[in-house]
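Colleague: Put the model up, please, and then I have some things to ask.

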Amino acid sequence: MHPKRSFYSKMVLFGCMISIIPLAVLGFFSFMKSSNSVQSHVNSSNIQIMNQTNSNLEQVLRTVDYTLNYVINSNILQSALYRPLSYYDFQLYNKLREELSLLQSPDTRVTDVILANATTNWLINNRGMYEFNEYASKNMLLSLMELPGNSNWMLIETEMLGSADTQSYACPYTIALIKKMPLSSSTTRGVALATIPSCSLAAMIDSPADAREVMVLDHNYRMIVHPEQNQVGRYLTDHGYQTEDLDRFDGNSGQFETRIDNKPVSVTYVRSDFNGWIYASFTEMAAITKESRSIGWFTLYICLLMIACSVLLVWLGTRKMYTPIRHIFEHIAQRLPEIRANKKSELQIIDEHIRDMFNSNAKLRGELRQNSQQVRTFFLHKLFLGKISAPEMEEQIELFGLEEQVASWDQMAVFTLQIDQLDETRYERKDGDLLLFAIHNIIEEMIPSSHRLPSVIVDQTQATLIGRERISNEAFHDYIYTLSEDIQKTTRAFLDLEVSIGISLPYKNLAKTSRAYQEGLEALKHRIKLGTGVIIPYFSLNSGQHTRIYFYPVQIENELIDAIKLAEEERAEELLHDWLAEVFRKDRTPHEYQLSLIRLLNDLMIVMQENGIMMEQLNIHDSSLVEELLRLYTSSDIEAWFKERMIRPMARVFRDRQDSQYQNLSEQIIEMIRNEFDRNITLEECAVRLHYNNFYLSSVFKKETNMSFSEYLTQYRFKMSKKWLVETEMPIKDIAEKLSYNNSQNFIRSFRKLEGMTPGQYRSKYKTAL
């Protein structure tokens, strides 16, 4: 058989098998299980719709609740609550209107905000300021002040509000957030209402299909949001729903089937954790069943069509894929006619021919050496980075005609130059490569070619190998130092740039160039302590002796983090200054200084993560903080950077959280203990749930309860054990197990230590008394 036909036939057969078999299996199972698939898809779709609807509406409601809290607790409104207002207080009125405008936006959907003070007889809404006693809806407002709790969501008939702004939306019902004023006092002086027309929230609900009805119910199963406005205000039982089935909405979410008007219906619901509203979807089962069979047939037809198209595409695609292979094979056969007698396939022949081409690559190396400048730069890169062997080094030196020049040098050193900073110059950061190229030209013009190898740029560092013949160490050092000063002056004069220069120790063997380059880089790192625009010979650095003791001021860092969390900005800046002073007071390498700085930055970012602070809250967008930090070289710049980028923004976030009246952490921890005391709950677990550091939570809990977490947990468990001993017949062994004791003996010993008697004696004594 001809090799071309054999390979082509195999490709077609293999492609058809791969495409037909999966599609055939898919079509068969799709047809057989279409009904279950459709119903499962509808249920899954309903759950997603309810969760999405809950999320969308709750985001609006939470925003309104949070903003109204902020308005009520503002200093302006707090001062206005305890004084009468008249039309002469127009400045105070304007300020209150500015506060109210925070609530009214397209996102919140609030149409009117009413502030009513029954005590000092004033009322403010969108239309202006009125006397409370003369307001048409004052009786309704007085009744709202009698509601239980300080904050309530209610469905109110729009006409009862007496607000033209809300009535203009033509919604018969309005959802109102009602908050008593002031929030923190037991005496109610007035009430604040934020009104949202029910129809505006209905617009946020996914448009229901003919077979599905979506609505929002309150605690009494009353429809408060519905796409059809004539349904709002009706109870679910008025809609054909059975009263005995209302108990099936008892979970946080779920699905069940019931009958409405003798029609089977699938119900999907999600209960809001925010205000207890129920987001429900009612889907008719008859419509699902009707669609399932048609979808099954449609799926089968589509699969058959896909099989036919796949076979056609495989045939056409295989021909198209084979065409370039055939062309390559023909070109090879024209040059090498003897391969036609070979019984190997086309791909095998092409593979062998390519391998022959790679084997001949060695013949091309001599031609590549003609590009001397690029190859020489590459050689110098490998020389500085130590990625070249001694034999290859000698070969390259000879190839570039540098053998005699290098052999004549008695002293050699590596000269490394870096630009200090571009932030406060007329240049931008993107100009860095162009500026290094300009400095490269300055160096090559100022240093005679007989005293240097060509300079190269390695990782944003200008590196130059300098050599002199018949010169002493002292004279060679003076020559390089003078040369460095001249280059700095020229760069400053022509480019208006500050550069720093590191000078390696002198050496005689070219193979030591990599070590010398590293010495120059190490010298440049000392800018972190010496500042910018410096010349740093490596031999002057601690006489080559580096400390190995790594000191880190942990205690000061902990105090710094605590000051940030407490929003004590001045205290935090003082501790940052002390921390930097302690770090730089120790004599060590620049690399170790950088490690300390990066560690502090990392610990601050951990605090951000633990406390739920996003990078955007600190105005950090698409930038690497580590890279920013490592580009700073002086202590003053580092201190200023930490203050501006981390300390002050983080302190402001914690201050805002304190001002926004976040829920008391101790109350949340106590609630966790009371709900989960019968398992091995820990402070670390509470800290993870609340997104706080466990040491910080421990100090807050101790401060507010005068007890540690473990003491409070032990006390509460002891209280529950006494309750169970008196009120139940539970065995002492089971009580010990429920309270997470390893065995009953440990429980008995602990109980006797706290109460002065055993659990059995306690049960006998007090249960008899009852």
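Colleague: Is Y517 buried or exposed?

Modeller: Y517 counts as buried, at 1% relative accessibility. The cut-offs are under 20% relative accessible area for buried and over 50% for exposed, with partly exposed in between (1.4 Å probe, protein chains only). This is a predicted model, in which local features need pLDDT of at least 70 and side-chain atom pairs count only at pLDDT 80 or more, while totals for chains, interfaces and linings use all residues. Residues are numbered from 1 along each chain as its sequence is written, and side-chain values use heavy atoms, with hydrogens and water left out.

Colleague: How many aromatic pairs does the structure hold?

Modeller: There are 20 aromatic pairs in the structure. In one of them, F384 pairs with Y517 in a tilted arrangement, 5.6 Å centre to centre and 45 degrees between the planes. Rings of Phe, Tyr and Trp (its six-membered ring) pair if their centres lie within 6.5 Å; planes under 30 degrees apart are stacked, over 60 edge-to-face, and the rest tilted.

Colleague: Which helices do F384 and Y517 lie in?

Modeller: F384 lies in helix α11 (residues 372-385) and Y517 in helix α16 (residues 513-524), so the pair ties together parts that are 133 residues apart in sequence. Helices (H or I, at least four residues) and strands (E, at least two) are DSSP runs numbered from the N terminus. F384 is buried as well, with a relative accessible area of 1%.

Colleague: What about F751 and Y762?

Modeller: F751 and Y762 make an edge-to-face pair, with 5.6 Å between centres and 75 degrees between planes. F751 is in helix α28 (residues 744-755) and Y762 in helix α29 (residues 759-769), eleven residues apart. Both are buried. They also belong to one aromatic cluster, with F718, Y741, F747 and Y766.

Colleague: Which charged end sits over the ring of Y633?

Modeller: The one of R527, 3.8 Å from the centre of the Y633 ring. R468 lies over the face of Y479, at 4.6 Å from the ring centre. The criterion is NZ of Lys or CZ of Arg within 6 Å of the ring centre and within 35 degrees of the ring normal.

Colleague: Change of topic. How many disulfides does a search of the whole structure find?

Modeller: The search finds one disulfide, where a disulfide is a pair of cysteine sulfur atoms within 2.5 Å. C171 and C199 form it, with their sulfur atoms 1.7 Å apart. The link is right-handed, with 55 degrees about the S-S bond. C171 is in the loop between α6 (164-167) and β5 (173-181), and C199 is in helix α7 (residues 198-202), 28 residues apart.

Colleague: Is C199 buried or partly exposed?

Modeller: C199 is partly exposed, at 23% relative accessible area, whereas C171 is buried at 4%.

Colleague: Now α4. Which of its residues are buried?

Modeller: In α4 the buried ones are L92, Y93, L96, R97, E99 and L100. Seen down the axis of α4, the buried residues fall within an arc of 155 degrees, so they line one face of the helix; the arc is that of the directions from the helix axis to the C-beta atoms. Q91 and E98, on the other side of α4, are exposed.

Colleague: What span should α4 have?

Modeller: At 1.5 Å a residue, its twelve residues (90-101) should span 16 Å, and the end C-alpha atoms are 16 Å apart, which agrees. The expected span is 1.5 Å times one less than the number of residues.

Colleague: And β2, which strand does L115 stand opposite?

Modeller: L115 stands opposite I124 in β2. Strand β1 (residues 112-117) pairs with β2 in the antiparallel sense over three bridges, where a pair of strands needs at least two DSSP bridges. β1 and β2 form a hairpin with four residues between them, and N121 in the turn has a positive phi of about 60 degrees. β2 also runs antiparallel to strand β3 (residues 128-130), joined by three bridges, and that hairpin has two residues between the strands.

Colleague: Which residues of β2 are buried?

Modeller: W122 and I124 on one side, L123 and N125 on the other; both faces of β2 (residues 122-125) are covered.

Colleague: Last one. Where is the place of P182?

Modeller: P182 is in the loop between β5 and β6 (190-197). A cis peptide bond joins M181 to P182, with omega about -10 degrees.
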